[in-house]
Amino acid sequence: DVAAALHYTPGQSITLAHGIGEVSFANHDDQPFVVTGILARTGTPADRTVHVSLDAIEALHAREDARVPLEGAAHDEEHAPEAALTPDSITAFIVGLRNRSAAFQIQRDINEFRGEPLLAILPGVTLQQLWQVVGIAEAALLVVAGCVVFAGLLGMLTAVLTSLNERRREMAILRSVGARPGHVFLLMMSEAALLGGAGVIVGIALLHATVAIATPWLESRYGVFLSGNGITAFELLTGAGVVAAAVLAGALPAWRAYRNTLADGLTLRV
């Protein structure tokens, strides 16, 4: 992502600076780094980073502080003693364990270590805690989505009930050509199911179209990757639930159409 955004290519020189964005208060112009490779995208925050060695950072500041050089450090970093380029401290590091069952024990040992103020975290556990917090917002969004579905079903029910009085002659004609009351009932239920199914199909299509369009922009702009692996089981279950709710909502107008008699429809005045 960095290479794509800043148009870096292997062999190009780049300058490190202290600061944020375009506001830099210390530029290492005299000691540029050379791009040796561009990593493939991983869909993680690592895509938005530049990786350099700790020795290079030490050498960079050793050259910058030439007026007060590090002990044993030379201006030519290629010939600087290795000890002079070894950092005195680091802020964070990643530990991999051969025996994963010892992870909690190692974490406890590090946190209780008295020789240095250290803090050990398990990325998986920390992320799980983060998702628990995010899950509250997700649940709230699901409630909002449920309210939207309910409002849509209520609007469909209102529209069908409003048009039912104008369709009484239509129902009477169907009855006159042999349709039974049960047929009229099923006809109204089928109409509600078709409306609900059409809404589900259009909604899923718009969802995946939006994800397909927004993913490249979000990935390049904010480093957020949206997975679009086709229709999921959750979407199918949700869609089936919406269609079932639409059928239930259509039961009321279907029952009213069922109650309309043949004589009532034929004698209706327009």
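Helices here are DSSP runs of H or I with at least four residues, strands are DSSP runs of E with at least two, and both are numbered from the N terminus. With that in hand, D1 sits in the segment before α1. Before going further, some ground rules: this is a predicted model, in which local features need pLDDT of at least 70, side-chain atom pairs count only at pLDDT 80 or more, and totals for chains, interfaces and linings use all residues. Residues are numbered from 1 along each chain as its sequence is written, and side-chain values use heavy atoms, with hydrogens and water left out.

Let's start with the overall layout. The protein has nine helices and four strands, and reading along the sequence gives the pattern α-β-β-β-β-α-α-α-α-α-α-α-α. Of its 270 residues, 20% are buried (buried means under 20% relative accessible area, exposed over 50%, and partly exposed in between, using a 1.4 Å probe and protein chains only).

How far can you trust the model? The predictor's confidence in each residue is pLDDT, which runs from 0 to 100. The protein averages 80, and 81% of the residues score at least 70. Over residues 66-75, though, the pLDDT is below 50, and beyond near neighbours in sequence this stretch has twelve contacts in the model.

Now back to D1. With a relative accessible area of 18%, D1 counts as buried. Leaving aside neighbours within four places in sequence, D1 is in contact with R41, D47, R48 and E219. What does D1 form with R41? The two make a salt bridge, with the closest N and O atoms 2.6 Å apart (the rule asks for a side-chain nitrogen of Lys or Arg within 4 Å of a carboxyl oxygen of Asp or Glu). This pair links distant parts of the chain, since R41 is in the loop between β4 (33-34) and α2, 40 residues away from D1. As background, side chains of opposite charge can pair when their charged atoms come close.

By that rule the count comes to two salt bridges. Another pairing is between the side chains of E112 and R108, at 3.2 Å from N to O. R108 is exposed, with a relative accessible area of 52%.

Next, the loop between α1 (2-6) and β1 (13-14), where H7 is found. H7 has a positive phi of about 60° although it is not a glycine. That stands out because most residues other than glycine have a negative phi. H7 counts as exposed, at 63% relative accessibility. P10 is placed in the loop between α1 and β1 as well, and P10 is exposed with a relative accessible area of 56%. Even so, P10 touches V35 and I38, not counting residues up to four places away in sequence.

Two threonines are worth a look. T91 is in the loop between α2 (54-64) and α3 (103-111), and T91 counts as exposed at 86% relative accessibility. T215 is found in helix α6 (residues 181-222) and counts as buried at 11% relative accessibility. A polar atom of the T215 side chain lies 2.5 Å from the backbone oxygen of V211.

Helix α7 (residues 233-249) has 17 residues and reaches 24 Å from its first C-alpha to its last, close to the 24 Å expected at 1.5 Å a residue (the expected span is 1.5 Å times one less than the number of residues). Which residues of α7 are buried? They are E235, G239, V242, A246 and A249. These cover an arc of only 85° around the axis, which puts them on the same side of α7 (the arc is that of the directions from the helix axis to the C-beta atoms). An α-helix has 3.6 residues a turn, so residues three or four places apart point the same way. The face of α7 turned away from its buried side carries the exposed residues A233, F234, L236, L237 and L248.

In helix α8 (residues 251-259), the buried residues are P253, A254 and A257. Seen down the axis of α8, they fall within an arc of 100°, so they line one face of the helix.

Methods. Contact = heavy atoms within 4.5 Å. Polar contact = N/O pair within 3.5 Å; in protein donor to acceptor, adjacent residues only side chain to side chain.
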